[in-house]
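The following note concerns the salt bridges of the model shown below. Please read the points alongside the coordinates.

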Amino acid sequence: MGLIDKVIVFGYLLGIMLLGIIAGYRKRASSEQFFLAGRSLKWPLIGAGLFCANISTIHLIGLASDGYRVGLVVGNFEWGAAFCLIVLGLVFAPLYFRTKLGTLPEYLEKRYSSSARTLLAFIFVLSALLIHIGISLYAGAKVLEEFFGFHFVFSIITISVITAVYTIVGGLRAVMITDLVQAVLLLCGAAILTIAGLWALPGHGIESFAELKAAVKPEQMSMLQPVTDPNADSYFHLRQYSWYSVVFGYPILGIWYWCTDQTIVQKVLAAKTEEDGRRGAVFAGFLKVLPVFLMVFPGVLGYVLFRNQIGSDNDATLLVMMKNLLPVGLKGLMAAGLVAALMSTIEAALNSTATLTAEDIVKRLRPETKDSSLVLIGRITAGVVMLLAMLWSTQGGKFGSIFVAINKIPMMFAPAITCVFLGGVFWRRGTRQGAMAALLFNLAVGVVYMIIDIPLIGSEKIIADKLGIPFMQVGWYLFLLSSVVYVAVSLSTPAPAEEKLEGLCWSHPLETVRGKLTGLTDPRLLAGLLLALMIVLYIIFA
């Protein structure tokens, strides 16, 4: 990268830090102002924040990598999110807002028990440290090492300090304002790279869409693929991203991530009104349509344009395309977009861990704790978590596939969390004993699964490689088993008191969409439009 590109990246880093501090700093911020931006967020900020908290450097590199390796089918992670965000907007957000939740574990305490709240808070803090911050930080630092020649440890320290400063000082408001800037930069950078790839196709003899389809691998342009692959070197010959995995497996991960994970849903909890929270979720669903075209499709173009350079190192797809297609200045803009993706993920996770520690641990153990002390504890927590994540991130090189690893780690807890939240809002008979049994069961089985199948370099992965069972299908089976435990234990224990369920459950699934429409921006109407758009897109790209 040239001097101009470096100036753009470092100018961005300094600028976003100053913007975050100016936008979020309050001399005597209350805990609600620091953790939930004073519950004042409007739907555009919420939607952009949900989108940015999800898109990390791993995401950008991984989507392009799998676009090169297997094609558009990996985009089901993006389009599947649109359906989950509809569920967030119509099913979960109204209940969260009406009960004035500050954290998601608080819902489990109201619906089940304090033990369930404590366990979930612990899980969320750990997952934020290990997944949202640690591994993402390593991947982003390796990108900067590739571009600037800086050692990845130096990059880890630089990014961590800058992100931590404005997040710790400004709280959620700083996160949301910077997310809006980063969403624009991220989408613009991805769009520029996609256009540059399309512009280069005629130079490789491709003048039409039909010629492009002929130049790619079979099924590389399809969003849905068969269940089995006769050429797969595994016992069951299952495809990783088959329609079966997508239809049944993805919602288990998706509902956990988009509807129950504190790092993501905290933006909805900070909504000014219930309608803002619901519209923001659906707006994020519309934004999730774009990555298939702006982040996965470039990987397909990379296969056509540069497969001789990329070879079997598909993780290099995005970097090879940036080096070959982007001129000076635009290369720096795209690199800044990669940094923006990393910082937006880290800042969201830091703020959520601060909130969880202050609200779900300290405030419960010491209810008399002053409001100003809770803010201080949250800031200290964010700093400590950042330091621990920095140490953990240096171990990222021990994973053979980071993108697969970050999707496997949640198997230790995600299926049961999805189970107890869905059961909590739709099944009034679900009990605290059933919820705890399901969570502990999933943790026990999930730890065993991780031990025998975590993708460490040189290790033989029994379930993934030998048997060939995709991780999304593992999530589906763990969800079914956890649900059996949840239902069986709930039916064998006393039913919860009806008055305890007030405002925490829907009487009937159709209750989520009943009622008179309030106008063209009614969340239910917007959700219907998004659902129709997704059906059309799947018909086109099936």
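1. Basis. This is a predicted model, in which local features need pLDDT of at least 70 and side-chain atom pairs count only at pLDDT 80 or more, while totals for chains, interfaces and linings use all residues. Residues are numbered from 1 along each chain as its sequence is written, and side-chain values use heavy atoms, with hydrogens and water left out.

2. Overall count. The structure contains 15 salt bridges, a salt bridge being a side-chain nitrogen of Lys or Arg within 4 Å of a carboxyl oxygen of Asp or Glu.

3. A link between distant parts of the chain. K42 pairs with D276 in a salt bridge whose closest N and O atoms are 3.4 Å apart. K42 lies in the loop between α2 (31–36) and α3 (43–54), whereas D276 belongs to helix α12 (residues 274–287), 234 residues apart. Helices here are DSSP runs of H or I, at least four residues, numbered from the N terminus. D276 is buried at a relative accessible area of 2%, and K42 is partly exposed at 42%; buried means under 20%, exposed over 50%, and partly exposed in between (1.4 Å probe, protein chains only).

4. Within helix α12. R279 and E275 form a salt bridge at 3.9 Å, N to O. The two residues are four apart in helix α12, so about one helical turn separates them. R279 is buried, with a relative accessible area of 17%, and E275 is partly exposed, at 24%.

5. An exposed pair. E368 and R366 meet through their side chains in a salt bridge of 3.7 Å, N to O. Both E368 and R366 are exposed.
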